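Have the 3D view open while you read.

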Amino acid sequence: LPAFRDSQLFIKDLHFDEVPVRMYIPKAPCTSKRRGVIFFHGGCGIFGSIRSHERICRYIARKSDSVLVSVGYHLSPEHKYPAQTRDCLAATIHFLKTAENYGVDPHRIIVCGDSVGGTFTAAVCQELVKRRALPKIRAQVLIYPFLQALNFNLPSYQKNAFTVFLSRERTVHFMLKYLNKDCAMKEAILAGSHVPESINLKYRKWINPDLIVETFKPGYKPPLPNSFLPHVHKETKELLKTRLSPLLAEDDVVCCLPDTCIITCEHDVLRDDGLLYKKRLEDNNVRVTWLHMEEGFH
């Protein structure tokens, strides 16, 4: 669908390395190169579009006086995972290389995304740590991001298990749909039966309810022990890769990440993902700005 008209912005539909994008450029004259924003929309990797997030993208471009690129990554299941992350990475690299063509300073580009767009943001920034020939991302903005598929019994998952729109059960259901996996495995994953004890022990230092401050844990009850199911683990190994669970990245990657802004909502199963990533970044001396919306929903 064509873009809405905007009196303050030039809006162009383009392709970055074969990935559809919509670019929002402020009309006001600028005496120097502008900042750039790359935006990845939410929607579990199976919903959403450039058009569904146009209003927020136009708002960010206007208010920040930045050139914003909204990425229309291809959706699952028509385009099988991990096509979505690859599209986001390809579009980001293209923009970093060509930023000056659009009046953007390549050293003042941030990456931003909501929900699974926050997952893509974190994964792209981690991947770019290894691409030393490219300009560095200036900052990343994670808006109620999904960051780990190891533990679906954290305090925020318990507290908001039946919250409207994104319940605990729906989170795993959509995740399996995104990966094109059998949704019959949902209950086993909710119980944690997809994770071997060795992996639970390895990542307990990063994904652990004990790392959540007490003010966020009223009524929390540790889950009952579960039985490991090897066939579920075999079918869902991708859940434990950093592309889908950026919280599992090693410290030598995390310490190189750019300045970060994390936005969490109280009434959101994903709240604790953001809190745990905030702690990981701070423990690795990455500068973090944290905004928590006490009345906010996913």
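The chain carries 10 helices and 8 strands, and keep in mind that this is a predicted model. Laid along its principal axes, the C-alpha trace spans about 60 × 40 × 40 Å. The radius of gyration is 19 Å, which agrees with the value near 19 Å that a compact globule of 298 residues would have. Of those 298 residues, 56% count as buried. If you look at contacts with a separation of 6 or more, 76% of them come from residues 24 or more positions apart.

| Pocket | Volume | Lining by residue class |
|---|---|---|
| Largest pocket | about 610 Å³ | 17 nonpolar, 7 polar and 3 charged residues |
| Second largest pocket | about 480 Å³ | 10 nonpolar, 5 polar and 4 charged residues |

Start with the largest pocket. Its lining takes in 27 residues, and the ones nearest the centre are N151, N200, R204, P223 and N226. Two elements give two or more residues to this lining, namely α6 (186-190) and α7 (197-203). Of the elements, α7 gives the most, with 4 residues.

The second largest pocket is lined by 19 residues, with I60, I110, C112, V141 and I143 closest to its centre. Which elements supply at least two residues each to the lining of the second largest pocket? They are β3 (34-40), α1, β5 (104-114) and β6 (139-143).

Is E54 buried or exposed? With a relative accessibility of 0%, E54 counts as buried, because the cut-off for that label is under 20%. Leaving aside residues up to four places away in sequence, E54 touches A3, F4, R22 and Y24.

The largest pocket, for its part, draws on α6 and α7.

How values were computed: Residues numbered from 1 in each chain as written. Predicted model: local features only at pLDDT ≥ 70, side-chain atom pairs only at ≥ 80, totals over all residues. Heavy atoms only, no water. Buried < 20%, exposed > 50% of the residue type's maximum accessible area, 1.4 Å probe, protein only. Contact = heavy atoms within 4.5 Å. 1 Å grid on protein atoms, 1.4 Å probe; cavity = no way out; pocket = protein on both sides within 12 Å on 5 of 7 lines; lining within 4 Å. Points joined across faces, edges and corners; volume = space filled by probe spheres on them. Nonpolar A, V, L, I, M, F, W, Y, C, P; charged D, E, K, R; others polar. Rg over C-alpha atoms; globule rule 2.2 N^0.38 Å.
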